[in-house]
Structure formats: structure tokens, C-alpha cells
Amino acid sequence: GVTVPSTRLAQDWQSIQHIDLVPNYIEADKYLKTAPQPHEGVILGWGGSFSHLQSFTDSGLAIALRRVCQARKQVQVLICGDRRVFDAINIPANQKMYQPWVSAEEWPQSLARFDIGMAPLAGEYDQRRSWIKVLEYMLMKIPWAASDGAAYAELSDFGHLVENTPAAWENTLLEMIDHLDDCRRTANETAYKFAIQQNVDENVDQILAVYSAIAERNGIEFSG
């Protein structure tokens with residue numbers, strides 16, 4: 001049996017092997033105990049691994065952030081994790097912050113600094129990622145903007161899906177910055193309500209059902 005957290009990835013392999021979709025459910029408790037951190041200005045935040053440099057450069061977001069920072073001097077960009085992403089964004093030093101990787105337990109405290117979460121994706125590899133980054137934003141009640149595509153399609157009602165051009169990213173982020181209170185209302189209501197339903201503890205039966213079906217297809221007795 002094979003399980004994946006991506007609809008596109010499941011579709012890729014169905015003709016060869018039966019693939020079961022198990023979404024990346026979220027451990028809600030470690031996020032919900034973290035309060036937002038007060039600060040001046042508006043922080044646009046992102047954190048991720050070494051596999052996301054192309055996500056920034058090829059999506060157009062790196063260029064858009066330079067334009068956004070020129071237009072809105074109260075904006076700061078916080079990059080957590082990959083230093084190459086931080087270096088690829090050409091904006092004034094006083095509008096740019098970097099935080100090295102932290103443990104999974106500490107990560108919600110970093111998210112709590114974000115006013116707007118960003119989730120750029122570019123290329124075929126990225127279309128096969130899970131929804132976890134945006135789901136984290138939603139659980140933390142952070143308004144978000146993400147590249148339009150397969151990875152985040154299911155979440156379109158809860159944030160802003162953006163065409164991968166510098167202009168589209170610029171326009172979306174400026175609109176969100178200028179209407180941040182409205183964005184926060186959505187984040188605190190419908191987006192959060194959906195995210196909390198994706199808590200892993202609330203979806204144990206669904207997960208067990210998938211593995212029970214795998215066992216049955218293979219003639220194996222399964223007891224959850």
C-alpha cells in the first residue's frame with residue numbers, strides 16, 4: 001500500500017499502483033497555545049526548507065516583495081530557514097529579517113510574528129506538495145497568500161490564491177496590507193474553523209479507514 005499527502009502525486013501513480021490520499025493533518029495543540037506577538041508595522045512571513053528557492057524566484061514573489069517594500073515602508077519581510085531565500089530578496093536591510101531554523105516545538109512562536117503568511121510554489125515538483133504550510137497559517141489565524149495550483153486548490157475559500165507573476169503577487173499583497181483587518185476577520189472565522197477540523201486527533205477514524213482498506217486489498221487482517 002502507498003499513501004501520499006498530495007492529490008496530484010496520487011494521480012501521477014494511480015495507473016501503476018493503487019495510491020491512497022492521506023492529507024497532512026495537523027497537530028493543533030502545539031499551535032493553539034501560542035499567542036500572536038505584538039510588533040510595529042506589518043510582517044510578511046515565510047519559513048521553509050532548502051527546496052523552496054525556486055518557489056520564490058520562479059513564482060515572481062521575490063520581485064514583487066521589492067516593489068511592495070518600496071510602496072509600503074511599514075512592511076518588513078521575515079524569512080525563516082533557508083538563508084538563500086533571504087539573500088535572493090533584494091529589499092532594504094531595515095525591511096528584511098532572517099531567522100535560522102528552529103525546532104518543531106518552537107516553530108509556532110515564529111509563526112506568531114507573521115501578519116501575512118506567504119506560500120509561493122513554482123514548477124511541477126511544487127504542485128505535488130501538501131497543504132501543510134497554508135494549513136498552519138489558518139490554524140494560527142494568519143491571513144495568507146499562496147501560488148494558485150494543485151497544492152492549495154482546496155483552500156481557495158480561505159485566503160488568496162495568486163497567479164505566478166510579479167504583478168499579481170504585488171497587487172495581492174498590497175491589497176491585503178491595505179485591508180488587513182478584513183483579511184484577519186476571514187482568518188479568525190471561516191479559515192480557522194476549517195483548519196481546526198483538520199486536527200489529526202479529529203481524523204483518526206479517517207486515517208484508520210485508509211489503512212484498513214489497504215490491509216483488506218492485500219488480504220491482511222487489520223486492527224486499529
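Analyst: In helix 7, Lys133, Val134, Leu135, Glu136, Tyr137, Met138 and Leu139 are the buried residues, where buried means under 20% relative accessible area, exposed over 50% and partly exposed in between, with a 1.4 Å probe and protein chains only. Helices (H or I, at least four residues) and strands (E, at least two) are DSSP runs numbered from the N terminus. This is a predicted model, in which local features need pLDDT of at least 70 and side-chain atom pairs count only at pLDDT 80 or more, while totals for chains, interfaces and linings use all residues. Residues are numbered from 1 along each chain as its sequence is written, and side-chain values use heavy atoms, with hydrogens and water left out.

User: What do the buried residues of helix 7 pack against?

Analyst: Taking contact as heavy atoms within 4.5 Å, they pack against helix 2 (29-32), strand 3, helix 6 (107-111), strand 6, strand 7 and helix 9. Because seven of the eight residues of helix 7 are buried, this helix is largely enclosed by the rest of the structure.

User: In what order do the strands of the open sheet run?

Analyst: In general, strands of a sheet pair through backbone hydrogen bonds, either parallel or antiparallel. Here six strands form an open sheet in the order 5-4-3-6-7-8, with parallel pairing, two strands being counted as paired if DSSP finds at least two bridges between them. Strand 5 and strand 8 (160-162) stand at the edges with a single partner strand each, so one side of each has no neighbour in the sheet. Neighbouring strands of this sheet are turned by 25 degrees against each other on average, direction ignored; axes are lines fitted to C-alpha atoms, for helices over the stretch in contact, and angles run from 0 to 180 degrees between N-to-C directions. Strand 7 (residues 144-147) pairs with strand 8 in the parallel sense over three bridges, and alanine 146 stands opposite leucine 161 in strand 8.

User: At about what angle does helix 8 run to strand 7?

Analyst: Helix 8 (residues 166-178) makes about 170 degrees with the direction of strand 7, and it packs on the sheet by touching strand 3, strand 4 (75-81), strand 6, strand 7 and strand 8. Helix 7 (residues 132-139), for its part, lies across strand 3, strand 6 (116-119) and strand 7, running at about 170 degrees to strand 6.

User: How many aromatic pairs does a search of the whole structure find?

Analyst: Rings of Phe, Tyr and Trp (its six-membered ring) pair if their centres lie within 6.5 Å, and planes under 30 degrees apart count as stacked, over 60 as edge-to-face and the rest as tilted. The search finds seven such pairs. In one of them, tryptophan 46 and phenylalanine 56 have ring centres 4.9 Å apart and planes at 80 degrees, so the pair is edge-to-face. Since tryptophan 46 lies in strand 3 (residues 42-48) and phenylalanine 56 in helix 3 (residues 53-59), the pair ties together parts that are ten residues apart in sequence. Tryptophan 46 counts as buried at 0% relative accessibility, and phenylalanine 56 counts as buried at 1%. The rings of phenylalanine 86 and tyrosine 98 have centres 5.5 Å apart and planes at 55 degrees, so that pair is tilted. It links helix 5 (residues 83-88), which holds phenylalanine 86, with strand 5 (residues 96-99), which holds tyrosine 98, the two residues being twelve apart. Phenylalanine 86 is buried at 11% relative accessibility, whereas tyrosine 98, at 25%, is partly exposed. Lysine 96 lies over the face of phenylalanine 86, at 4.4 Å from the ring centre.

Conventions. Lys NZ or Arg CZ within 6 Å of the ring centre and 35° of its normal.
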